[in-house]
Amino acid sequence: MIVFTNETDTIFAVASGAGRAALTVLRISGPGSGAVLEALCRRRPEPRVATLRVLRGTDDAVLDRALVLWFPGPGSYTGEDSAELHLHGGRAVLAAVADALVTLGARPAEPGEFTRRAFLNGRMDLLEAEAVADLVEAETAAQRTQALRQLEGSLGGVYRGWTSRLTRLLAQQEALIDFPDEDLPPQVEAGIRAEIAALAGEVGAHLDDGRRGERLRDGLVFVIAGPPNVGKSTLINRLAERDVAIVSPAPGTTRDVLETRVDLGGVPVTLLDTAGLRDSADAIEAEGVRRARARAQAADVVVVVQDASCPPTAPGIDGAQGVVIRVANKIDLARPVGEDVVGISALTGEGLDQLRQVLCDTARQLTQAEGPPPLTRARHRKALHEARSRLQSAGEAELPELRGEDLRLALRSIGRITGTVGVEDILDSVFGQFCIGK
Ligand SMILES: Nc1nc2c(c(=O)[nH]1)N(C=O)[C@@H](CNc1ccc(C(=O)N[C@@H](CCC(=O)O)C(=O)O)cc1)CN2
Ligand SMILES: Nc1nc2c(ncn2[C@@H]2O[C@H](COP(=O)(O)OP(=O)(O)OP(=O)(O)O)[C@@H](O)[C@H]2O)c(=O)[nH]1
């Protein structure tokens with residue numbers, strides 16, 4: 001189902017980044033785009049050809065000399081008539097052109113409004129629209145790759161495949177209901193049941209992906225934990241390659257949770273430095289220790305640091321849900337004991353390459369999927385859970401009518417992911433999270 005827009009507003013927004021820059025790209029879309037462009041630069045340029053033009057305000061004053069592009073609909077990003085003005089960067093230039101646009105009847109766009117129009121005009125499905133937002137937000141190579149795959153339709157292909165199988169099943173099911181006395185071969189019913197079970201299995205396998213796609217999209221949390229004074233702050237400064245945390249010979253220096261964002265093997269990771277774990281009479285330090293434990297328990301990875309030159313002191317992390325990596329620091333003073341321990345000296349740098357490798361490998365294992373693309377949002381997960389439970393109850397249903405109803409509901413749930421059904425109620429939540437200009 002394609003919902004055609006009857007959008008009448010002509011909208012504009014800065015599509016380039018914020019801050020001082022050589023250029024500002026202003027995007028315009030909507031039925032008035034051609035008229036606005038003609039008012040600004042007298043003649044419309046050739047479609048899709050960058051053309052240098054003097055832009056003038058309604059009072060004929062020169063606003064800028066800019067590259068101008070004209071994209072007639074429907075062969076444009078939004079599917080509507082649209083245009084781009086590649087202005088000189090600078091607040092005054094932008095302010096003057098924006099004023100002129102408002103005078104000409106255009107209005108500033110809402111966040112995500114261009115892509116929302118592209119979706120409503122059937123230029124892309126919801127998964128592709130979400131991929132555009134993810135690509136704009138991508139901080140690391142692996143995030144960019146995942147968003148591009150989704151933009152190219154790989155995830156949509158999986159869901160469309162299920163949709164067409166479900167549609168076929170429904171048609172067969174209708175035939176069973178409508179012609180119960182006809183000579184339908186008995187294997188039709190068995191075939192329907194087998195296909196329902198196969199679909200439920202595939203949706204289940206897709207859901208059971210270790211949340212790798214969502215984790216990559218959101219980024220991972222790695223917590224550095226351990227007793228006081230073992231060198232946790234020195235280590236986080238090394239891994240972040242900057243001074244995140246205060247290092248001092250006094251135990252109990254770090255009290256609150258400090259965080260920094262790093263790129264580990266293409267995966268965005270929030271690294272947390274936490275208070276040294278010990279029983280403390282100091283109320284502030286005790287609160288720091290409580291927070292340290294809470295964050296370690298919830299983390300994707302806990303890097304437990306010990307001092308190689310002292311016997312282990314503090315209790316471990318109880319109930320950690322994530323992967324635990326053990327590190328013995330200060331190997332410049334003493335050799336570490338025990339297996340499965342990465343020996344490092346945060347002071348001299350010895351062993352840090354090896355630790356970085358272990359951390360990158362772990363980050364990749366937690367986020368990278370082989371085979372079909374993983375699902376990337378809680379919104380998709382929710383709809384797929386619903387679809388799977390409908391498929392399961394369809395598999396158990398004795399009456400063909402009830403089975404048909406379950407199949408229809410499963411179809412609806414999957415259709416909601418790509419945006420082919422029940423769209424109105426989810427548009428605001430999907431596009432409201434975009435930046436302005438997309
Ligand atoms: N200057 C500029 N750069 C940009 C964009 C843009 O809008 N403007 N994009 C915005 O996201 C991205 C490119 N994506 C785009 C996707 C589709 C169309 C488009 O006009 N498609 C038409 C015509 C394709 C053709 O034949 O050339 C179509 O699909 O019918 C344009 C940009 C990244 N770079
Ligand atoms: N010899 C040696 N000293 C180190 C090494 N790493 C850190 N130190 C020293 O150990 C002391 C404590 O380091 P920090 O990084 O502040 O330790 P921490 O674990 O964050 O300490 P708390 O904030 O108390 O939990 C400092 O004097 C560091 O210079 C190392 O690899 N070798």
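Two strands pair if DSSP finds at least two bridges between them; helices (H or I, at least four residues) and strands (E, at least two) are DSSP runs numbered from the N terminus. The model is predicted, so local features need pLDDT of at least 70 and side-chain atom pairs pLDDT 80 or more, while totals for chains, interfaces and linings use all residues. Residues are numbered from 1 along each chain as its sequence is written, chains are lettered from A and ligands numbered from 1 in the order in which they are written, and side-chain values use heavy atoms, without hydrogens and water.

**View 1. The sheet that contains β7 and β9.** In the parallel sense, strand β7 (residues 220–225) pairs with strand β9 (residues 267–273) over five bridges. Val-221 is placed opposite Thr-270 of β9. These strands belong to an open sheet of six, ordered β8-β9-β7-β10-β11-β12, and the pairing is mixed. Its edge strands, β8 (258–264) and β12 (341–343), each pair on one side only. From one strand to the next, the twist averages 25°. Helix α11 packs on this sheet and touches β7, β8, β9, β10 (301–307), β11 (323–329) and β12; contact means heavy atoms within 4.5 Å. The direction of α11 makes about 175° with that of β11, where axes are lines fitted to C-alpha atoms (for helices, over the stretch in contact) and angles run from 0 to 180 degrees between N-to-C directions.

**View 2. The crossing of helices α9 and α11.** Helix α9 (residues 232–240) and helix α11 (residues 352–367) have axes that come within 12 Å and cross at roughly 75°. This makes α9 roughly perpendicular to α11 (under 35 degrees counts as roughly parallel, over 145 as roughly antiparallel, 65 to 115 as roughly perpendicular and the rest as oblique). On the α9 side, Leu-235, Arg-238 and Leu-239 meet Leu-352, Leu-355, Arg-356 and Leu-359 of α11.

View 3. Arg-215 is part of helix α8 (residues 212–218). Its relative accessibility is 19%, so Arg-215 counts as buried (buried means under 20% relative accessible area, exposed over 50%, partly exposed in between, with a 1.4 Å probe and protein chains only). Leaving out residues up to four places away in sequence, Arg-215 touches Gly-210, Leu-220, Asp-300, Leu-366 and Thr-367.

**View 4. The sheet from β1 to β6.** Six strands make an open sheet with mixed pairing, in the order β3-β4-β5-β2-β1-β6. At the edges are β3 (51–56) and β6 (107–108), each of which pairs on one side only. Strands β3 and β4 (residues 62–71) run antiparallel and are joined by six bridges. Thr-51 lies opposite Val-68 in β4. Helix α3 (residues 113–120) packs on the sheet, where it touches β1 (11–14), β2 (23–29) and β6, and its direction makes about 130° with that of β1.

View 5. The structure has one aromatic pair. The ring centres of Tyr-159 and Trp-162 are 5.7 Å apart and the planes stand at 45°, so the pair is tilted (rings of Phe, Tyr and Trp, its six-membered ring, pair if their centres lie within 6.5 Å; planes under 30 degrees apart count as stacked, over 60 as edge-to-face and the rest as tilted). Both residues lie in helix α6 (residues 154–178), three residues apart, about one turn of the helix. Tyr-159 counts as buried at 0% relative accessibility, and Trp-162 counts as buried at 5%. Elsewhere, the charged end of Arg-27 sits over the ring of Phe-114, 5.1 Å from its centre (NZ of Lys or CZ of Arg within 6 Å of the ring centre and within 35 degrees of the ring normal). The charged end of Arg-44 sits over the ring of Trp-70, at 4.8 Å from its centre.
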